[in-house]
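Hi,

Here is the model I promised to send over. Have a look at it first, and my notes follow below.

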Amino acid sequence: MSYNPYDYTNRYIKKTDPDYPEKLKRYVNMPSGFYLKGSLPDPAKKSVAIVGARKCSSYGEQAARYFARTLASNGVQIISGLATGIDSYAHKGCLEGGGSTFAVLGCGVNIIYPKSNSMLYKSILDKGGGLISEYDLTSPALPFNFPTRNRIISALSDALLIVEARIKSGSLITASYALEQGIPIFVVPGKITDSLSAGTNSLLMQGAYPALSPDDILYELGIRREKKEEKNISPLHDPSFSKTEKQILKSISDTPLPLDNICQMCNLDIAKVSTILLQLELKGAIYQPSPGLYAIAYS
Amino acid sequence: MFCQILSATILGISCEPVTIELDISSGMPVFVMVGSLSSKVRESQERVRTALRNLDIYLPPKRITVNLSPGDLKKDGTQFDLPIAAALLTALEKIPKDSLDNCMVIGELHLNGDIEGVPGILPSVIKARELGISTVLLPKANAAEASSIDGIRIISLSNLNDLISFCLDTSSTKYDHIPKSNAHSTVKYPDFSDIKGQQSVKRAALIAASGFHNLLLSGPPGSGKSMTAKRIPGIMPDLTRDEQIEVSQIYSVAGLLNSDTPLITQRPFRAPHNTLSIQALCGGGRIPVPGEITLAHRGVLFIDEIPEMPGRTLDMLRGPLEDHTILISRTAGSYRFPANFLFVAAMNPCPCGNYPLNSCTCSPFEIQHYHSKISQPVLDRIDIRVDVPAVSYDELTSSSDDPISTSVLKKQALKAFNIQKERYRGTKICFNSELSPSDIKKFCHMTEESKRLLEHAFLKMDLSARAYHRILKLARTIADLDNSDIISEAHISEAFCFRNQNLFKRSR
């Protein structure tokens with residue numbers, strides 16, 4: 001079942017409307033009204049915005065999902081922009097964690113952009129989330145709309161998390177809005193050699209908080225983890241993994257690798273490696289970001 | 001004065017006998033030809049008339065009627081020149097009346113009386129033998145091709161004078177074709193040891209060749225996808241004599257046999273460019289001729305850059321990949337061509353070829369669009385998908401030959417082939433890839449552990465019923481390569497690694 005925007009009703013919320021978020025009233029450059037599909041973020045709950053590159057790496061995908069899932073399962077609402085890449089993974093991660101997620105769009109709420117996110121639109125609305133846009137109902141996705149909607153994303157949230165960003169990117173625009181609005185900025189650190197992490201690492205340099213785990217953000221928001229989940233043990237120390245499984249796991253990183261390279265690195269034949277790769281995949285320790293390529297999965 | 005000579009016409013890749021009846025009677029001087037003739041056949045009278053005149057044989061000023069019987073059969077081709085000339089010579093009593101009894105005559109004429117080769121000799125000779133004909137007279141250029149058929153006398157002629165002198169003394173062996181001892185030169189396939197490293201690709205090629213599983217190679221430019229594909233026919237089991245004749249018949253009809261390669265002894269490797277037309281792929285024309293899928297019969301059809309292929313053309317493969325044959329219907333009739341080939345396709349992982357590395361410059365939409373150009377029904381028919389990684393510098397420059405060579409792989413493939421032959425004795429199945437779901441139940445026995453593993457993976461990975469069957473077929477071949485009657489856990493896991501996953505499933 002794909003998403004049909006006309007199955008859901010719209011509301012226009014003016015500044016005078018009692019539902020107009022208090023958070024937005026604090027700033028001067030906020031819209032005088034906006035269209036809404038679904039519901040608005042619950043002001044009683046904390047919200048975190050997660051943004052990042054459209055063209056992200058599998059590391060970024062993993063990180064965005066992991067953070068969004070964990071935050072959501074601790075009662076945090078996730079706000080993002082419903083673009084491809086990190087934005088989509090943040091929404092998906094939140095839904096996986098059982099939370100509701102909200103998207104601020106750069107087009108009208110009746111326009112599905114990008115088309116590939118059609119299913120995600122539907123599940124956001126069906127799971128109690130909402131779509132927000134200051135543009136006309138059927139306004140197309142114009143390139144200059146996207147940076148400006150970022151100010152609403154940051155304004156609606158209590159903290160901003162940037163997962164992957166190049167040196168010149170929309171996520172950095174969101175960061176500068178957050179800075180103006182006085183919202184704490186968290187950044188997932190990346191490799192210094194990776195152009196996708198150049199923007200995020202430079203933010204760290206300028207004093208943003210490094211987000212090493214979702215706990216860092218939860219602590220800032222003043223949320224104490226309700227049930228202490230068992231500490232995420234690395235499979236390398238997990239006794240349920242065999243010796244060869246660990247050996248193979250050591251050669252797999254978050255850079256996706258084909259079967260051949262893994263065989264070479266562990267000096268084992270294909271039949272053996274393939275058996276173990278399937279086991280590891282079934283155990284959830286690794287996954288295939290693209291068919292035939294293997295990368296570490298963060299649970 | 002009436003006489004008749006036997007010849008033949010090609011229909012698809014089979015052959016129908018045609019009798020040339022010629023009558024010279026009193027009346028207005030005219031040369032009439034009847035019997036559902038195409039323009040190619042009709043032109044034959046000019047060639048025959050001129051060729052005879054150049055031998056100082058003049059047609060009498062009488063009514064000459066030629067009928068190609070059966071009259072309702074559409075006839076095409078230039079092979080009727082020689083039999084018509086032979087019939088005329090008989091009618092003119094230049095050659096003895098009974099000299100061409102129990103003979104089949106085929107050949108095209110030049111205006112000076114020289115005889116030119118024609119396509120489709122092999123099926124014609126086979127038909128002649130079936131009909132109990134003792135002698136076939138054919139152009140010298142085609143003699144080598146015909147000599148691969150035993151039990152029939154082949155007379156090779158280079159011009160009309162040869163025909164006359166043969167007919168004057170049919171017992172002389174002057175024109176008998178003597179096959180050269182090593183006429184069947186074997187074409188060597190390139191060797192797998194040329195490819196350095198690439199273990200998983202070679203393994204996938206071996207599994208594909210052993211169980212006749214279609215194969216999709218995906219990898220960056222220059223990683224050796226085409227090199228791999230070219231080497232696959234080399235590890236497939238040799239063609240049997242019957243298969244050689246079967247394949248050669250196709251090539252004979254297509255006019256691709258010559259005196260250097262009178263018989264196709266090796267598995268064909270066809271690599272048409274992806275811009276080819278539907279007719280070139282499937283066969284076509286007013287009188288259909290075999291297309292690439294038929295020319296690849298019992299061999300490999302390789303298409304590079306498969307997402308660049310027009311979708312309509314690619315989708316034409318759906319039928320033949322399932323039925324191993326193609327039926328082409330035209331007003332002239334329906335023709336069934338065999339098309340049992342191993343399909344090997346190659347593609348880049350994305351338009352720029354570097355996905356999933358960071359140097360990839362394609363947007364997610366571009367990548368998805370690129371993948372979506374291959375239609376799902378075609379992908380469904382490809383059992384194995386393997387990534388061909390870029391070759392490292394060390395592998396590239398290593399001087400030692402790779403230990404995995406064609407001869408090593410072929411030995412393994414042959415073993416698996418014999419196991420399959422033994423198992424499917426008495427059924428229509430030849431290879432594991434042809435198993436239907438009910439056959440899978442019958443032939444793919446698993447250990448308890450592998451059943452559990454498969455069940456676990458099936459639930460966890462959300463597999464479709466089709467994917468389940470595909471994995472089992474693949475695991476059957478892997479078990480055969482391992483000389484194991486029962487499918488173990490290791491076989492299932494390996495099949496999982498090589499399975500053709502849904503390319504579009506980007507997110508989990």
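How many bridges join strand β3 of chain A to strand β4 of chain A, and do they run parallel or antiparallel? Three bridges join β3 (residues 47-51) to β4 (residues 77-80), and the two strands are parallel. One pairing to click on is V48(A), whose bridge partner in β4(A) is I78(A). Strands count as paired if DSSP finds at least two bridges between them, and helices (H or I, at least four residues) and strands (E, at least two) are DSSP runs, numbered from the N terminus.

Some housekeeping before the rest. This is a predicted model, where local features need pLDDT of at least 70 and side-chain atom pairs count only at pLDDT 80 or more, while totals for chains, interfaces and linings use all residues. Residues are numbered from 1 along each chain as its sequence is written, and chains are lettered from A and ligands numbered from 1 in the order in which they are written.

Chain A

β3(A) and β4(A) belong to an open sheet of nine strands with mixed pairing, in the order β1-β2-β6-β5-β4-β3-β7-β8-β9. At the edges stand β1 (10-14) and β9 (209-210), each with a single partner strand, so one side of each has no neighbour in the sheet. Helix α2 (residues 58-73) of chain A lies across β3, β4 and β7 (159-162), at about 170° to β3(A). That angle is between N-to-C directions on a scale from 0 to 180 degrees, with axes fitted to C-alpha atoms, for helices over the stretch in contact.

Chain B

Chain B has 21 helices and 18 strands, and its C-alpha trace spans about 90 × 50 × 45 Å along the principal axes. Of its 508 residues, 46% are buried (20 or more other C-beta atoms within 10 Å of the residue's own; 12 or fewer is exposed, in between is partly exposed, and C-beta atoms are placed from the backbone).

For a hairpin, go to β15 (residues 325-330) and β16 (residues 333-338) of chain B: they pair antiparallel over six bridges, with two residues between them. S329(B) sits opposite S334(B) there.

Cores

A nonpolar core here is a set of buried Ala, Val, Leu, Ile, Met, Phe, Trp, Tyr and Cys residues joined through C-beta atoms within 7 Å. The largest has 159 residues, and A85(B), I232(B), V300(B), V344(B) and I384(B) touch the most other members. Helix α3 (residues 81-91) of chain B gives the largest share, eight residues. A second, separate core of 66 residues includes V76(A), L82(A), V187(A) and I217(A).

I384(B) touches, among others, A204(B), L216(B), L474(B) and F498(B), leaving out residues up to four places away in sequence. By contrast, A465(B), in helix α20 (residues 465-481) of chain B, counts as exposed because it has 9 C-beta neighbours inside 10 Å.

Where the chains meet

The contact (C-beta atoms, placed from the backbone, within 7 Å) takes 31 residues from chain B and 29 residues from chain A. On the chain B side, α21(B) gives the most, with six residues.

Cheers

Conventions
Contact = placed C-beta atoms within 7 Å.
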